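Student: Could we go through a model together, so that I learn how to read its features one at a time?
Tutor: Gladly; let us look at it first and then take the features in turn.

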Amino acid sequence: MTEDMTGTPREQGSQWYDNEAGPLVRPYAMTGGRTRPGPTGVRFDLIALVTLDPGAPGVDDAPLGPEHRNLLDLCRPETQSVAELAAGADLPVGVVRVLLGDLLELGCVTVSRPVPPAQLPDERILREVIEGLRAL
């Protein structure tokens, strides 16, 4: 054991963890300094749905970091949105987007957009329907 600046005993190797703040690894260290997901330029909306690809190549053989593996573990039980993954992994959304870009390029996950709500009909059509109903 060593002591920190305040004289409090600390275990060896724990200089990267603060009891109140959590891990002291900066987000750019997790992404290798990248701020955009991969060369494909995919944009992950907060509501984009991420699913573990069942036909993915051997994930255990891929050179993945602990954050990548954590995201894969979160996707295993069910489809998750990007926002849910960020909350579950306790990582900033920007970091999660970059990591998901890596996973997408490796073929580990698939990303889909939720079905958009149907477009509302034209107001003119609605008025004609109302007038037709009143005429009955």
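**Reading contacts, burial and helix packing**

Tutor: Setting aside neighbours within four places in sequence, Ala48 is in contact with Gln80, Ser81, Val82, Val111, Ser112, Arg113 and Pro114. Please keep in mind throughout that this is a predicted model.

Student: Where in the chain is the place of Ala48, and is Ala48 buried or exposed?

Tutor: Burial is read from relative accessible area, with under 20% counting as buried. Ala48 sits in the loop between α1 (27-30) and β5 (49-52), and Ala48 counts as buried because its relative accessibility is 0%.

Student: At what angle do α2 and α3 pack, and which residues make the contact?

Tutor: For a helix pair one reads the angle and the separation of the axes, and then the residues that make the contact. Helices α2 and α3 pack at about 120°, with their axes 10 Å apart; α2 is therefore oblique to α3, given that 65 to 115 degrees would count as roughly perpendicular. Their crossing is right-handed. On the α2 side the contact is made by Asn70, Leu71, Leu74 and Cys75, and on the α3 side by Leu85, Gly88 and Ala89, a set that divides into 5 nonpolar, 2 polar and no charged residues.

Student: How do α3 and α4 pack?

Tutor: Helix α3 (residues 82-89) and helix α4 (residues 93-105) pack at an angle of about 110°, and their axes are 9 Å apart, so α3 is roughly perpendicular to α4. The contact is made by Val82, Leu85 and Ala86 of α3 together with Val93, Val96, Arg97 and Leu100 of α4; these residues divide into 6 nonpolar, no polar and 1 charged. Leu85 takes part in this contact with α4 and also in the contact of α2 with α3.

Student: What is there to read in the loop between α3 and α4?

Tutor: In a loop one can read the backbone angle as well as the accessibility. Asp90 lies in the loop between α3 and α4 and has a positive phi of about 55° although it is not a glycine. Asp90 is exposed, with a relative accessible area of 68%, which is over the 50% cut-off for that class.

Student: Is His68 buried or exposed, and with which residues is His68 in contact?

Tutor: His68 lies in helix α2 (residues 66-75) and, because its relative accessible area is 10%, His68 is buried. If neighbours within four places in sequence are left aside, His68 is in contact with Leu99, Asp102 and Leu103.

Notes
Residues are numbered from 1 along each chain as its sequence is written. This is a predicted model: local features need pLDDT of at least 70, side-chain atom pairs count only at pLDDT 80 or more; totals for chains, interfaces and linings use all residues. Side-chain values use heavy atoms; hydrogens and water are left out. Axes are lines fitted to C-alpha atoms, for helices over the stretch in contact, and angles run from 0 to 180 degrees between N-to-C directions. Helices (H or I, at least four residues) and strands (E, at least two) are DSSP runs, numbered from the N terminus. Angles under 35 degrees count as roughly parallel, over 145 as roughly antiparallel, 65 to 115 as roughly perpendicular and the rest as oblique. Contact means heavy atoms within 4.5 Å. Ala, Val, Leu, Ile, Met, Phe, Trp, Tyr, Cys and Pro count as nonpolar, Asp, Glu, Lys and Arg as charged, and the others, Gly among them, as polar. Buried means under 20% relative accessible area, exposed over 50%, partly exposed in between (1.4 Å probe, protein chains only). A crossing is left-handed if the near helix is turned anticlockwise from the far one by less than a right angle, and right-handed if clockwise.
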